[in-house]
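Visitor: I am new to this structure. Please show it, and then I will ask about its parts.

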Amino acid sequence: MMSNEEVYAGGLLNRALNPATQPPEIREFLRAEIDLLRGVITDGMQVIDSGCGTGRHLALLGDRLRMGVGVDYQHGYITEAHGRASAPQLYFVTSDATAVPIDHVFDFAACLTNTWGTMSDKAGVLNEMRRLAPVPQTRLLSVYAETSVPARREWYRRLGHAVLEESPEYLITEGGFRSEHFSEARLRRLVGDCTIRQLTGIAYVVTF
Ligand SMILES: C[S@@+](CC[C@H](N)C(=O)[O-])C[C@H]1O[C@@H](n2cnc3c(N)ncnc32)[C@H](O)[C@@H]1O
């Protein structure tokens, strides 16, 4: 079976971000996430986005940032991100989010749109976010709740990734895409000390 890395290399992200493929609950979540970011990321901040994909969040917020850095292990996405966001304060780096080759202190670290729920070494990503943004509560994850399963099943099916396996913690599709969802209790176990808020009916925002 294919790994998430191979699935992303096949370009799944761009199809998934086409609103025409998105059930209404997913569209509402993606919009709410952007509204939330506009509230918490303020003028002059230095921000790092782990698993930035093609850089859409940094591109949206770029004008207000002193510096924005996006990190993704898919070099093709990083190339697209460069093409989309040309602001001189935005940087995009091909790297695994568990070993970011940057030694800089950021005001804020984000890992958005359930990206953390597709990453295999979750603790490794949290450790890097803590290193890069050392102040507690300036690190933010947005992840799917268990209530997201029906909408995600429909979305993945439209993307040619019908769900083959469902557990209380993840979905695996026939194309080999693995995506997790979380309960509050599991988030607390994995993240430790954190604040959890609901975002729309299908997601959580975790700050730590
Ligand atoms: C669900 S997509 C979201 C992309 C982007 N944050 C967005 O919202 O448009 C997850 C992204 O994480 C990247 N990714 C997954 N695991 C990674 C890892 N260990 N290190 C770096 N990037 C990773 C994938 O290549 C993909 O672009």
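Guide: Two strands pair if DSSP finds at least two bridges between them. The model shown is predicted.

Visitor: Which residue is the bridge partner of Ile196 in β10?

Guide: Strands β9 (residues 195-199) and β10 (residues 203-207) pair over five bridges, in the antiparallel sense. In β10, the partner that bridges to Ile196 is Val206.

Visitor: Which residue in the hairpin of β9 and β10 takes a positive phi?

Guide: The hairpin has three residues between its strands. The one with a positive phi, near 55°, is Thr200.

Visitor: Which residues have the most contacts inside the largest nonpolar core?

Guide: In soluble globular proteins, nonpolar side chains tend to be buried together. Here the largest nonpolar core has 45 residues. Val143, for one, touches Phe182, Tyr204 and Val206, among others. Those with the most contacts inside the core are Ile48, Ala109 and Val143.

Visitor: Where on helix α5 are the buried residues, on the same side or on opposite sides?

Guide: The buried residues of α5 (residues 75-84) are Tyr77, Ile78, Glu80 and Ala81. They cover an arc of only 160° around the axis, so they lie on the same side of α5.

Visitor: Which exposed residues does the other face of α5 carry?

Guide: The buried residues of α5 pack against α2 (12-16), β2 (67-72) and β3 (90-94). The face turned away from that buried side carries the exposed His75 and Gly83.

Visitor: How many charged residues are in the shell around the ligand?

Guide: The ligand is surrounded by 20 residues, with Gly51, Gly53, Tyr73, Ala97 and Thr113 the closest. By class, nine are nonpolar and eight polar, and the number of charged residues is three.

How values were computed
Residues are numbered from 1 along each chain as its sequence is written. This is a predicted model: local features need pLDDT of at least 70, side-chain atom pairs count only at pLDDT 80 or more; totals for chains, interfaces and linings use all residues. Helices (H or I, at least four residues) and strands (E, at least two) are DSSP runs, numbered from the N terminus. A residue is near a molecule or strand if its C-beta atom, placed from the backbone, lies within 6 Å of it. Ala, Val, Leu, Ile, Met, Phe, Trp, Tyr, Cys and Pro count as nonpolar, Asp, Glu, Lys and Arg as charged, and the others, Gly among them, as polar. A nonpolar core is a set of buried Ala, Val, Leu, Ile, Met, Phe, Trp, Tyr and Cys residues joined through C-beta atoms within 7 Å. A residue is buried if 20 or more other C-beta atoms lie within 10 Å of its own, exposed if 12 or fewer, and partly exposed in between; C-beta atoms are placed from the backbone. Two residues are in contact if their C-beta atoms, placed from the backbone, lie within 7 Å. The arc is that of the directions from the helix axis to the C-beta atoms. Lists of a residue's contacts leave out its neighbours within four places in sequence.
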